[in-house]
Amino acid sequence: MQLLVCISKVPDTTTKIAFVENNTKFSESGVQFIINPYDEWYALVRALELKETLGGTVTVINCGKADNEQIIRKALALGADDAVRIDLDASDAMQVAVNIAAFAREHTFDIILTGKETIDYNGGVLGAMLAELLDLPYISLASKLEVQGDVVTAEREIEGVKEVVEGKMPCVISAQKGMAEARIPNMRGILASKTKPLQVLPAVTAENTVHVNAFSLPADKGGCKYVDPENAGELITLLHSEAKVI
Amino acid sequence: MILAFVETAHGTLKKTALEVVQFASGLGEVTALALGSIPDTELAKLGQAGATKVLHIADEALNGMYSRAYTKAICAAAGQVHADVIVMSHSSTGKSVAPRVSVRMQCPLFAGVGALPENGSMRKTVFSGKAFADLAYQGGKAVISINPNSITPVLSDKAATVEPLACSFDDRDFDYTIKQTIDESGGHIPLPEAEIVVSGGRGMKGPENWGPIEELAQLLGAATACSRPVADVGWRPHHEHVGQTGITIKPNLYIAIGISGAIQHLAGVNQSKVIVVINKDPEAPFFKAADYGIVGDAFDVLPKLIEAAKKLKQSA
């Protein structure tokens with residue numbers, strides 16, 4: 001089976017967020033970039049597992065400039081067979097979706113996997129956009145994914161409910177926690193990744209539909225009001241009569 | 001006209017339904033759209049948050065979420081009322097449907113917005129709650145999905161008129177089958193919708209010690225949550241994990257017990273209106289983000305909180 005995994009480059013989860021250029025641009029200074037955890041830990045690893053049991057290939061695709069190749073090589077080191085980088089400094093999910101859809105239309109994929117959202121812009125919309133652009137079924141927020149013949153069975157964990165959903169390939173699936181266990185690339189994988197094919201394609205024209213005027217950071221809290229542990233019940237009174245939240 | 005797509009479950013409006021209508025009414029005159037089996041009397045309540053009319057496609061095939069069928073229904077309703085803007089919740093349903101609607105209607109998608117447009121932009125949280133982005137919006141066609149718990153509905157006693165809407169579906173609109181739906185909430189409020197959340201971390205020492213957290217949560221009408229290490233070792237189910245790689249929540253009150261407050265955990269909860277931190281380590285970084293703190297052992301503090309919460313409940 002042919003699997004396409006969409007990966008995004010995001011700042012490491014421990015990054016202290018700051019902005020430059022009059023708060024219009026994320027400050028990349030000193031920031032360690034990683035593959036978006038949902039894309040790597042769940043979507044990519046599950047794709048690799050499916051390939052290992054059912055055969056086929058795993059292609060990773062990323063929209064970004066040349067400096068994204070470091071994270072793309074990591075995906076190859078983890079076991080992806082080949083990679084595509086679309087040369088696009090994307091700032092909008094729709095642009096990314098239009099570009100990945102253009103690539104997917106030219107090829108044959110049984111499943112296109114994305115993470116449930118990126119941890120930088122938190123849109124969580126790429127998978128559904130791809131499904132609509134490619135006229136495919138979309139199963140979102142899957143925490144489990146099995147394939148038998150051309151049938152996919154997924155568990156979706158949503159607001160207090162678990163749904164078992166069955167669909168047919170080809171389809172688009174977004175992955176969340178539970179779908180797989182994160183892997184660490186081994187030395188053989190790292191060495192192999194250096195020679196695996198990484199194709200760079202020009203971007204197709206797609207309008208940037210959403211612009212960020214400015215970024216900002218949450219205001220500092222006014223400080224913590226401490227309650228004596230011996231008299232902890234006082235907290236309930238404060239929450240009721242001062243903060244008025246209970 | 002603004003179209004507010006509202007979600008329902010088991011014949012009642014979801015909590016997000018009034019939030020969506022309230023937000024939409026800040027943009028203009030609102031027609032709401034509801035799908036599946038739900039009584040008209042329940043839908044008329046959407047008038048309380050500002051909807052003048054509710055379109056209802058009462059097809060019971062729509063009781064489950066099928067993103068393609070829902071997209072068709074929303075686009076049909078938007079066409080019928082000439083809606084420029086379509087508002088829905090940034091829930092699991094909204095995340096599956098809003099991007100499809102945006103592609104099909106060829107209009108921009110503002111996903112996960114937290115407040116009405118102001119000074120030419122709409123604010124959403126980015127970097128998993130560590131920052132905000134103001135997205136340019138000068139009016140015009142748009143699909144907007146709003147974060148649960150971001151909007152407080154201001155209710156009147158008005159009722160909306162409910163009209164049936166016809167929409168025909170074919171097999172292609174139901175392009176997967178929902179085989180099974182398992183309620184995992186245990187009758188509790190779903191975490192993303194909860195206004196109060198009581199959360200435990202490694203400081204609780206083991207799954208057998210969660211009794212007092214659950215008792216306090218029950219007394220306060222709260223949902224329970226946990227930190228990532230707790231979910232990873234299986235003390236609590238994964239769907240309770242809040243943080244950067246878990247669920248991002250925005251309750252009115254977040255009570256963190258035995259959680260040190262790693263940056264990844266804070267990212268998932270720092271939009272809570274009031275944060276309470278209970279930790280025996282006075283140096284725990286979480287206290288810097290807290291409104292109220294107790295430096296003490298959770299096992300001593302929790303019984304006192306439960307007792308006080310019981311008294312409060314009796315006096316109410």
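**Close-up 1. Helix α2 of chain A, mostly tucked away.** Of the 10 residues in α2(A) (residues 69-78), 7 are buried, so this helix is largely enclosed by the rest of the structure. "Buried" means that 20 or more other C-beta atoms, placed from the backbone, lie within 10 Å of the residue's own. The buried ones are Ile71(A), Ile72(A), Lys74(A), Ala75(A), Leu76(A), Ala77(A) and Leu78(A). Helices here are DSSP runs (H or I, at least four residues) and strands are E runs of at least two, numbered from the N terminus. This is a predicted model, with local features needing pLDDT of at least 70, side-chain atom pairs pLDDT 80 or more, and totals for chains, interfaces and linings using all residues. Residues count from 1 along each chain as its sequence is written, while chains are lettered from A and ligands numbered from 1 in written order.

**Close-up 2. A sheet with strands from chains A and B.** This open sheet has 6 strands with parallel pairing, in the order β15(A)-β17(B)-β16(B)-β15(B)-β13(B)-β14(B); pairing takes at least two DSSP bridges. β15(A) (225-226) and β14(B) (223-226) sit at the edges with a single partner strand each, so one side of each lacks a neighbour in the sheet. β16(B) (residues 274-279) and β17(B) (residues 292-295) run parallel, joined by 4 bridges. Ile278(B) has Ile294(B) in β17(B) as its bridge partner.

**Close-up 3. Helix α6 of chain A meets helix α8 of chain B.** The axes (lines fitted to C-alpha atoms over the stretch in contact, with angles from 0 to 180 degrees between N-to-C directions) of α6(A) (residues 234-242) and α8(B) (residues 298-315) come within 8 Å and cross at roughly 45°.

Definitions and conventions. A residue is buried if 20 or more other C-beta atoms lie within 10 Å of its own, exposed if 12 or fewer, and partly exposed in between; C-beta atoms are placed from the backbone.
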